[in-house]
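Work through these exercises with the structure open beside you. Each task is followed by a solution in steps.

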Amino acid sequence: MPELPEVETVVRGLRLVLPGRRIVRVRLGAKRDFIDDPPSIERELPGTRVKAVTRHGKFLLVDLDRDGSGKNGEKIALLMHLGMTGQITVVPAEAPVAPHTHVFLELDDGRELRYTDIRRFGQMRILADGQRESVLPPGIDPLQASEEEFKRAITSRRARIKALLMDQNVFRGMGNIYTDESLWRAKIHPKRLGANLSDGEVRRLHRAVRGILEEAIRLRGSSVSDYVDSDGERGEFQLRHRVYQREGAKCFRCGSVIRREIVAGRSTFFCPHCQAAPRVRRKKAIRTTKRARRRV
DNA sequence: CTTACGGCCTGGGTGC
DNA sequence: TGCACCCAGGCCGTAA
């Protein structure tokens, strides 16, 4: 479920309630297979105080201070990823417990942070200070990248633009929904090679990606099925989707029928008229030419 | 280097 | 009503 706008919405919600709070107790459910080293969660978190909540692509980081032991400066972070169906909510401790809730962090104000995840594709682990570089994906943030950086990322590898946008080592935070929506807005076919995009197309895509992500954040993300924010509220950007899950419906721009194909291993929605397919090159002829050149 | 595919899990929708 | 099958906002490992 959660891509950059959804994670950003959760982070902003947590920022209103978590900083300054102390974690007093940790309870884990029986299904803890998705947690990396569950005992470390139970051992390290109690007694820590929340300093900040940040986002890194689709990862969410809760920065923690161990200030009880007199020695300040020992910093750890709780790293979380929502996978497909993860939810993080902060509720009064006595609130009814939703099914598939696997982690409870009791806070010093009578509330608790709960992690709920039907499919358990999410992740949770303790991050020691200095581990961030090696654990977090190195892709650039699509909201902060300049047009130059954006172009460099797109031309860095020979892959389809859809695969590039979704690769967390190239761009961090984009997923299936926002990739398709951005490509539709920029009028670029998902199978185009990133390296083949013209300067104008790169510029259009850069603007489309930022525009879509910013608008989605304003509308608090897309709630297609499971996503809710830290207050348990659904987002509204699903009402603005132009192609995602609209197979067979009419393109809002030209009226053509939206198609669905598998690209980069994922369901991909696009308008076959607005988003012109890449020209198929004749590989045989090209190879022969190269071989001939090499022989010379 | 790239893509395709299966697997991880659970649940919802569809068609017979 | 039951059941098989396909699908799902992510990501990893393997094979080709």
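**Exercise 1. An arginine and its partner**

Which side chain meets that of arginine 157 in a salt bridge?

Solution. This is a predicted model.
- Step 1: find the partner. Arginine 157 pairs with aspartate 167, at 2.8 Å from N to O.
- Step 2: Aspartate 167 sits in the loop between H5 and H6, while arginine 157 sits in the loop between H4 and H5. The two are ten residues apart, and the pair links distant parts of the chain.
- Step 3: check accessibility. Arginine 157 has a relative accessible area of 36% and is partly exposed.
- Step 4: look at the DNA. Arginine 157 is also one of the residues around DNA strand B.

**Exercise 2. The surface around DNA strand B**

Solution. 
- Step 1: collect the residues. They are Lys31, His100, Ile118, Arg119, Arg120, Phe121, Arg157, Arg158, Ala159, Arg160 and Ala264.
- Step 2: sort them by class. Six are charged, four nonpolar and one polar.
- Step 3: turn to the DNA side.
- Step 4: take the phosphate contacts. The side chain of histidine 100 places an N or O atom 2.9 Å from a phosphate oxygen. For lysine 31, the corresponding distance to a phosphate oxygen is 3.4 Å.

**Exercise 3. Histidine 102**

Is histidine 102 buried or exposed?

Solution. 
- Step 1: apply the cut-off. Buried means under 20% relative accessible area. Histidine 102 has 5%, so this residue is buried.
- Step 2: Histidine 102 belongs to strand S6, residues 101-107.
- Step 3: list contacts beyond four places in sequence. Histidine 102 touches Arg27, Leu28, Gly29, Lys31, Phe34, Tyr115, Asp117 and Arg120. Lys31 and Arg120 are also among the residues around DNA strand B.

**Exercise 4. Salt bridges across the chain**

Solution. 
- Step 1: take arginine 27. Its side chain meets that of glutamate 106 at 2.8 Å, N to O. Arginine 27 lies in strand S1 and glutamate 106 in strand S6, so the bridge ties parts 79 residues apart in sequence. Arginine 27 is partly exposed at 28%, whereas glutamate 106 is buried at 17%.
- Step 2: take arginine 260. Its closest approach to glutamate 247 is 3.6 Å between N and O atoms. Strand S9 holds arginine 260, and the loop between H7 and S9 holds glutamate 247.
- Step 3: look for a network. Salt bridges link Glu8, Arg12, Arg55, Asp141 and Arg172.

**Exercise 5. The nonpolar cores**

Which element gives the largest share of the largest nonpolar core?

Solution. 
- Step 1: name the core. It has 35 residues; Phe150, Ile161, Leu165, Phe171 and Leu205 touch the most other members.
- Step 2: find the contributors. Helices H4, H5, H6 and H7 each give two or more residues.
- Step 3: pick the main one. H7 gives the largest share, eight residues.
- Step 4: inspect a member. Leucine 205 contacts residues including Phe150, Ile161, Leu165 and Leu183.
- Step 5: look elsewhere. A second, separate core has 31 residues, among them Val7, Val62, Ile88 and Leu113.

Conventions: Residues numbered from 1 in each chain as written. Chains lettered and ligands numbered in written order. Predicted model: local features only at pLDDT ≥ 70, side-chain atom pairs only at ≥ 80, totals over all residues. Heavy atoms only, no water. Near = heavy atom within 4 Å. Polar contact = N/O pair within 3.5 Å; in protein donor to acceptor, adjacent residues only side chain to side chain. Nonpolar A, V, L, I, M, F, W, Y, C, P; charged D, E, K, R; others polar. Helix = DSSP H or I, 4+ residues; strand = E, 2+ residues; numbered from the N terminus. Buried < 20%, exposed > 50% of the residue type's maximum accessible area, 1.4 Å probe, protein only. Contact = heavy atoms within 4.5 Å. Core = buried A, V, L, I, M, F, W, Y, C linked by side-chain atoms within 4.5 Å. Salt bridge = Lys/Arg side-chain N within 4 Å of Asp/Glu carboxyl O.
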